Amino acid sequence: MKKHGIVAAISAVLASPLTVPVAFGDVVVSGSMKTGVAYEDNKWAIVDNGSALAFEVDHNMGEDQTVFALLEFNVDSAKGSILSGEDEGVTVVGLTGDWGLLSLGTQDSTLNSVVGGFMDVGERYSGSAFLGQVSMMNSAFMAMQVGQIEVMGDLQMNSNGEDIDSATIGGLFEIGEVAIGVAYQNNDGSDDYSGVGAAINLSGIDFAGGYNEMGSDNAWAINTSVAGLTVEYDQDGVGVDSVTATYALELSEFAFVVAEWNGTGSENSGIVFLQMDF
């Protein structure tokens, strides 16, 4: 259900299975509204679950070279507001061509594209075992195809930090129904990250998972998906176990009802929400 990977997002012009763009002139507008009822911290509430509005524009410069810009705004549908502050959406400008892709701005991280997508497959409560960053600000990202391996990397350069605060290299290998991702990140002044993820489809049933380390912490996750039902087991960096079950019922091509339950130790949380994509 989650979207992972700036490469996939841009190459599909935002047309992920849960995001169907509508073109107005040269600008592609898309979005997703997700609002529901959640039980958290022993109380009920109507909440947003990751609504967003996005604008994308690109221009073909000829010879298979394209320049693009993507602006995504996270929305709190329960409160009727656009979220403000740092790291509140994808905001990138970049170039694509037969050589690969280059993008600059705030975007999905290399670690999430290569490892996190295998480990975190739920909607709201999953992903406690993924120790890496989900998105990255002040970043330059590049991807290219080398044989059957999609090689990705990034540099993160915060104006308040060092010249290079983080540098990441990763790769995705796919053959048939098998996919494997490996990534390493060097962080200036903090712990480095390394991780591996994998997935396989057997007779229509998806199996995936991953293992990652950051400093002295290590964590792992496994999950399986079939017929709209996903079950994920996580063990986080301090050894806390978590189980998340997610079920998505398709009402139409653009509408879904999604239910998710999570058990972490003795604590239980859950949500049921209605999703409409456009």
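Start by selecting Phe130, which touches Leu111, Asn112, Val115, Gly116, Met119, Tyr193 and Asn212 when residues up to four places away in sequence are not counted; here contact means heavy atoms within 4.5 Å. This is a predicted model, in which local features need pLDDT of at least 70 and side-chain atom pairs count only at pLDDT 80 or more, while totals for chains, interfaces and linings use all residues. Residues are numbered from 1 along each chain as its sequence is written, and side-chain values use heavy atoms, with hydrogens and water left out.

Next, select Val114, Val115, Met119, Phe130, Phe141 and Met152, the residues with the most contacts inside the largest nonpolar core, which has 22 residues. Such a core is a set of buried Ala, Val, Leu, Ile, Met, Phe, Trp, Tyr and Cys residues joined through side-chain atoms within 4.5 Å, where buried means under 20% relative accessible area (1.4 Å probe, protein chains only). Among the elements giving two or more residues to this core are α2 (110-119) and β9 (135-146), and α2 gives the most, with five residues; helices (H or I, at least four residues) and strands (E, at least two) are DSSP runs numbered from the N terminus.

Now move to a second, separate core of eight residues, which includes Ala38, Ala248, Phe256 and Ile271.

From Ala248, look across to Val258 in β18, which stands opposite. Strands β17 (residues 241-250) and β18 (residues 255-264) run antiparallel and are joined by nine bridges, strands being paired if DSSP finds at least two bridges between them.

Finally, select Gly265, which has a positive phi of about 60 degrees in the turn of the β18 and β19 hairpin.

Methods
Buried means under 20% relative accessible area, exposed over 50%, partly exposed in between (1.4 Å probe, protein chains only).
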